[in-house]
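Open the model in your viewer and keep the selection tool at hand. This tour goes from one stop to the next.

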Amino acid sequence: MPRILTGIQSSGKPHLGNLLGAILPAIQLSKESNNNSLFFIADMHSLTTIKDAETLKENTYSVAAAWLACGLDTDKCIFYRQSDVAIVTELAWILNCSTPYPMLANAHSFKDKASRLSDVNAGLFTYPVLMAADILLYDAEIVPVGKDQIQHLEMTRDIAIAFNNTYGETLTLPKAQINEELMLIPGTDGQKMSKSRDNYIDIFLPEKLLKKAIATIQTDSTPLEAPKNWANCNVFKLYSLMCNQEQLNTMKTHYEQGNFGYGHAKQALLELILERFKSERIHYEKIAQDYNYLDQQLLNGANKAKEIANKVLDRVRRKIGY
Ligand code: ADP
Ligand code: TRP
């Protein structure tokens with residue numbers, strides 16, 4: 001049974017892109033593969049961008065609640081907070097010493113963040129090495145991620161190969177698993193939905209606020225009566241990711257016939273989200289503020305994760321001469 005592992009940052013509230021692109025497919029995969037899976041909240045990676053303790057903490061709990069609300073079974077999967085298994089930083093340091101500097105300097109994600117953010121710290125630069133450690137520390141074989149993470153997975157493999165070349169077979173090479181169908185979930189501005197772009201939709205918001213968030217989706221100025229091009233519409237794109245075939249056909253017809261405004265399309269999207277995530281929203285509401293419960297779930301997970309991590313780190317330490 002292959003071991004599956006994935007992480008999600010706690011740099012903001014979990015959004016629709018995280019859910020459709022990462023959380024839901026990962027939970028599905030864990031069920032199909034008999035639950036030999038590890039899922040974690042990458043709160044150390046979040047420290048590269050979040051410098052406010054309260055925000056970091058709240059985000060971590062929101063992300064934890066989102067995974068649990070979406071049906072993650074903590075008896076069958078290992079679910080933990082990255083910072084609770086801090087030996088990952090020891091492996092990250094060791095891997096840093098097998099990582100060529102130009103590989104990090106050329107990483108898309110670093111270049112992108114370095115050009116957008118005012119705080120370009122060394123954590124952002126070595127981010128892929130900590131991510132490699134996250135994966136290699138558990139001998140993970142399959143890593144479900146969104147398309148934007150492909151390069152990080154390639155770097156993880158390159159780092160593992162470099163280490164194995166120097167010290168002999170030690171680290172397991174992981175494979176990314178990308179859901180091609182979902183690709184990149186667009187945000188309210190049509191760009192990749194992302195916490196850092198502030199174009200995201202948090203499906204756990206109370207209905208009124210959710211409606212407001214959906215209202216911010218950018219559309220063109222085609223008048224209400226005129227036929228509309230669904231293929232270019234951000235509202236339609238999001239709708240089509242969650243609806244069934246019949247709903248899709250109906251929506252296309254509405255767009256093509258005219259007398260159907262973007263307000264109507266947004267209302268339909270709101271209703272679809274409320275329906276599609278009905279039980280998840282109820283579950284989230286129940287647990288999101290219950291920090292004791294969430295801590296207990298995460299600490300149980302960390303204890304199980306440590307059992308695996310300690311063995312792998314031991315193997316690595318022996319190889320490097322410690
Ligand atoms: P963000 O870009 O909002 O900071 P993260 O980097 O924390 O999100 O991503 C967490 C997971 O969700 C990753 O596996 C990532 O690929 C996936 N993901 C994030 N945004 C999207 C998106 N817009 N479409 C598809 N998957 C996404
Ligand atoms: N970099 C990932 C993201 O932003 C989060 C992450 C950290 C991760 N460590 C990981 C994902 C290990 C998969 C495996 O989405």
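**Before you start.** This is a predicted model: local features need pLDDT of at least 70, side-chain atom pairs count only at pLDDT 80 or more, and totals for chains, interfaces and linings use all residues. Residues are numbered from 1 along each chain as its sequence is written, chains are lettered from A and ligands numbered from 1 in the order in which they are written, and side-chain values use heavy atoms, with hydrogens and water left out.

**Stop 1: ligand 2.** Select ligand 2 and the 14 residues around it. A residue counts as near if one of its heavy atoms lies within 4 Å. Gln9, Tyr127, Met131, Asp134 and Gln149 come nearest.

Now show the polar contacts (pairs of N or O atoms within 3.5 Å). A ligand nitrogen is 2.7 Å from an N or O atom in the side chain of Tyr127. A ligand nitrogen is also 3.0 Å from an N or O atom in the Gln149 side chain. On the oxygen side, a ligand oxygen is 3.2 Å from an N or O atom in the side chain of Gln9. Taken alone, ligand 2 exposes 360 Å², and the protein buries 90% of that (Shrake-Rupley method, 1.4 Å probe).

Colour the shell by element. Strand E1 (4-9), strand E2 (37-42), helix H7 (122-136) and strand E4 (142-145) each give two or more residues. Helices here are DSSP runs (H or I) of at least four residues, and strands (E) of at least two. By type, the shell has eight nonpolar residues, five polar and one charged.

**Stop 2: the largest pocket.** Where does ligand 2 sit? Ligand 2 sits in the largest pocket, with more than half of its atoms within 2 Å of the grid points. A pocket is an open set of points on a 1 Å grid where a 1.4 Å probe fits, with protein on both sides within 12 Å along at least five of seven lines; lining residues have an atom within 4 Å of a point.

The volume is about 1,100 Å³. Of 45 lining residues, the closest to the centre are Gln9, Tyr127, Asp148, Gln149 and Lys192. The lining divides into 17 nonpolar, 19 polar and nine charged residues.

**Stop 3: the second largest pocket.** Select Phe204, Tyr284, Glu285, Ala288 and Gln289, the closest to its centre among 17 lining residues. The space is about 340 Å³. Helix H13 (278-287) gives the largest share of the lining, five residues. Helix H3 (53-69) supplies at least two.

Notes:
Polar contact = N/O pair within 3.5 Å; in protein donor to acceptor, adjacent residues only side chain to side chain. Nonpolar A, V, L, I, M, F, W, Y, C, P; charged D, E, K, R; others polar. Points joined across faces, edges and corners; volume = space filled by probe spheres on them.
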